[in-house]
Structures are given as structure tokens and as C-alpha cells.
Amino acid sequence: HKDFFNAQQIIKDNYSGSSILDSAWATLVVNRLAYSGIPRANPLGGKNGSSEMLLSRWNSNDLLKRINYIHSLSDRITITNMDALELIEEAYWDNSSTIFIDPPYVEKGKALYNSYYSEQDHRDLAFLLEQLHFGCPGADLVVTYDYHSLIDEIYELPQHEVLGRTYSA
């Protein structure tokens with residue numbers, strides 16, 4: 001738990017003063033040990049939960065395989081620090097691609113993420129996606145959201161489906 005909270009603090013401090021290795025480690029630790037991998041969420045099993053619950057998503061062998069697999073694809077991966085809307089618009093013109101977009105939660109985003117969307121940001125994303133969809137053929141777009149009435153308001157077309165999901169603590 002102590003390592004989790006130390007790693008979470010590094011993220012909350014926006015990695016200030018942390019080396020790239022310490023930043024990467026903090027991100028991995030929090031992603032695997034926090035509820036849904038969310039940086040500001042509580043650790044799995046709660047703040048005073050058991051080590052077994054905390055480590056329920058930590059499988060060293062599997063993590064090593066995943067990291068090595070991602071590394072094997074590193075020549076096909078580009079990391080950018082672009083505005084999401086600019087990146088989506090740029091990537092859209094590769095019609096052999098599928099763009100998966102998973103914006104921050106509408107209602108709880110500010111409480112859960114260091115980078116979150118305002119209502120206007122969600123509206124701007126919806127507007128861009130609508131313009132791309134109706135403007136010219138391009139990449140396939142898949143957008144996932146937590147359900148909120150705003151989504152019904154700003155996304156009318158194209159296909160739109162609500163899926164139920166039960167969460168447990």
C-alpha cells in the first residue's frame with residue numbers, strides 16, 4: 001500500500017522531479033493497483049484492504065510478456081503530445097485505420113483524472129466526429145463513454161448503443 005500511495009503521489013504531482021524511469025514505474029504501479037487503473041482512484045480492496053486484493057491485477061509474468069510484446073512493436077508506435085482533436089483529425093484520413101476514442105468520464109472525470117474534459121471539450125469532440133463522419137470517408141471511429149445524458153444530447157448519429165454494466169467495489 002505504501003508503494004501504491006507513493007506512486008500515486010508522483011502522478012498527482014504531475015511527475016515533477018521524477019526521472020522517466022520512476023515516472024513509468026509509478027504509472028504502471030497505479031494502473032495495475034488502482035480501481036479500474038484510474039490514477040486518482042483508491043487501491044484495489046480499499047485503502048486498508050488486504051495485500052491479496054491489492055495485488056489481484058498484478059501478475060509479474062503476464063506484465064513482463066505484455067511489456068516485451070509492446071516493445072517488439074516499438075517501431076510501429078509513435079508517442080505524441082498533441083491535442084486529441086488534432087490527432088483524431090490527422091489520423092482520420094487513413095481509411096485503413098480504426099480510431100478508438102475513450103474520452104474521460106463526463107460527470108466524474110475531474111475527480112478521477114489529471115487531464116479531464118469540460119462539457120465544452122465533450123461537445124467539441126462530438127462536433128469534430130460528426131464533421132468527419134459526414135464530411136468524407138475515412139477511418140472507422142469507435143467511441144466509448146460512461147453513460148450520461150449529455151452523450152444523448154451531443155451524439156445523435158451515426159449508430160449509438162447503450163450497454164449496461166454493473167460495477168463492484
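Guide: Rings of Phe, Tyr and Trp (its six-membered ring) pair up if their centres lie within 6.5 Å; planes under 30 degrees apart are stacked, over 60 edge-to-face, and the rest tilted. This is a predicted model, where local features need pLDDT of at least 70, side-chain atom pairs count only at pLDDT 80 or more, and totals for chains, interfaces and linings use all residues. Residues are numbered from 1 along each chain as its sequence is written, and side-chain values use heavy atoms, leaving out hydrogens and water.

Visitor: How many aromatic pairs does the structure hold?

Guide: Going by ring centres and planes, the count for the structure comes to four.

Visitor: What kind of pair do tryptophan 25 and tryptophan 58 form?

Guide: Tryptophan 25 sits in helix 2 (residues 20–33) and tryptophan 58 in the loop between helix 3 (51–54) and helix 4 (60–72), so the pair ties together parts 33 residues apart in sequence. Helices here are DSSP runs of H or I, at least four residues, and strands are E runs of at least two, numbered from the N terminus. With 5.7 Å centre to centre and 80 degrees between the planes, the pair is edge-to-face.

Visitor: Is tyrosine 92 buried or exposed?

Guide: Buried means under 20% relative accessible area, exposed over 50%, and partly exposed in between (1.4 Å probe, protein chains only). Tyrosine 92 has 3%, so tyrosine 92 is buried.
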